[in-house]
Amino acid sequence: MEYLSVALSKGRLAEITFDRFQKMGVTFVEYSPKSRKLIFMNEKYNIKVVLVKSGDVTTYVEQGACDIGIVGKDNLLEKKADIYEIMDLGFGKCKFVVAALKKRIPVEHRTIRVATKYPNVAQDYFYKKGEGVEIIYLSGSVELAPIMGLSDVIVDIVETGTTLRENGLQVIEDICPISARLIANRVSFKAKSSRIQKLMKGLQTK
Ligand SMILES: Nc1ncnc2c1ncn2[C@@H]1O[C@H](COP(=O)(O)OP(=O)(O)OP(=O)(O)O)[C@@H](O)[C@H]1O
Ligand SMILES: O=P(O)(O)OC[C@H]1O[C@H](OP(=O)(O)OP(=O)(O)O)[C@H](O)[C@@H]1O
């Protein structure tokens, strides 16, 4: 039997996903949260899990290097990849927001500057509102941008709100909810449909 390959977002989603696998009886003995290993094999069910950067999951799946993937909805909205989104996994819950400094200086006579790790999501959101904005791409610690005068607002993920609060920012608009999703390569979804369906059933178990 050919193996089923899974691209899994490293970081926050990985541990929960391995835990789900464990609960459905699919164990990856070499996995531990502290391990630096990137490939894990379950010989019994012939499932190979590879740990990739969150922004690269859609690339592996779209190109067919992996059959399926587990990734945040944030990355799906940003990448717009040609894949099937087949299941909401119900974990990794957070939301996209627009946030700004509590003591925000009003912007007059110029375009609002938006700092974000998600330029397409931010651009789409303001475009749909009919607002022209200047997008400033950052790769992390986005909350710093308004504090340092780099931007007027940010578009970012909020879960507990701690990062915003501890840096003097507040949510000014909710954009949309986010959670982890199971995605599939279009060809694999047909060619390996029964195995993928079985996995989906197992992953539903809490
Ligand atoms: N604070 C959060 N709470 C809950 N889920 C989150 C939070 N931040 C991100 N996520 C979700 O978890 C996924 C992985 O986030 P993680 O922080 O591990 O990596 P990343 O920040 O997207 O990428 P990287 O840090 O590798 O650039 C995100 O794509 C998102 O769906
Ligand atoms: O509402 P909270 O529970 O505080 O979580 C939100 C924070 O988590 C994410 O950052 P991450 O830790 O991934 O770091 P990053 O800024 O480097 O992306 C996100 O970008 C926020 O900064």
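Predicted model: local features only at pLDDT ≥ 70, side-chain atom pairs only at ≥ 80, totals over all residues.
Residues are numbered from 1 along each chain as its sequence is written, chains are lettered from A and ligands numbered from 1 in the order in which they are written, and side-chain values use heavy atoms, with hydrogens and water left out.

Okay, the ligand. Which polar side chains reach oxygen atoms of ligand 1? Lys 53 does, with a polar side-chain atom 2.9 Å from one, and so does Asn 75, at 3.2 Å. Glu 159 puts a polar side-chain atom 3.0 Å from a nitrogen atom of ligand 1. On its own, ligand 1 exposes 600 Å², and the protein buries 78% of that (areas by the Shrake-Rupley method with a 1.4 Å probe; for residues, only the protein chains shown count as cover).

Now, Asn 185. You'll find Asn 185 in the loop between β11 (180-184) and α7 (186-191); helices (H or I, at least four residues) and strands (E, at least two) are DSSP runs, numbered from the N terminus. Is Asn 185 buried or exposed? Asn 185 counts as buried because its relative accessibility is 8%, and buried means under 20% relative accessible area (1.4 Å probe, protein chains only). Its side chain reaches the backbone oxygen of Val 61 at 2.8 Å and that of Glu 62 at 3.5 Å.

Note on methods. Polar contact = N/O pair within 3.5 Å; in protein donor to acceptor, adjacent residues only side chain to side chain. Buried < 20%, exposed > 50% of the residue type's maximum accessible area, 1.4 Å probe, protein only.
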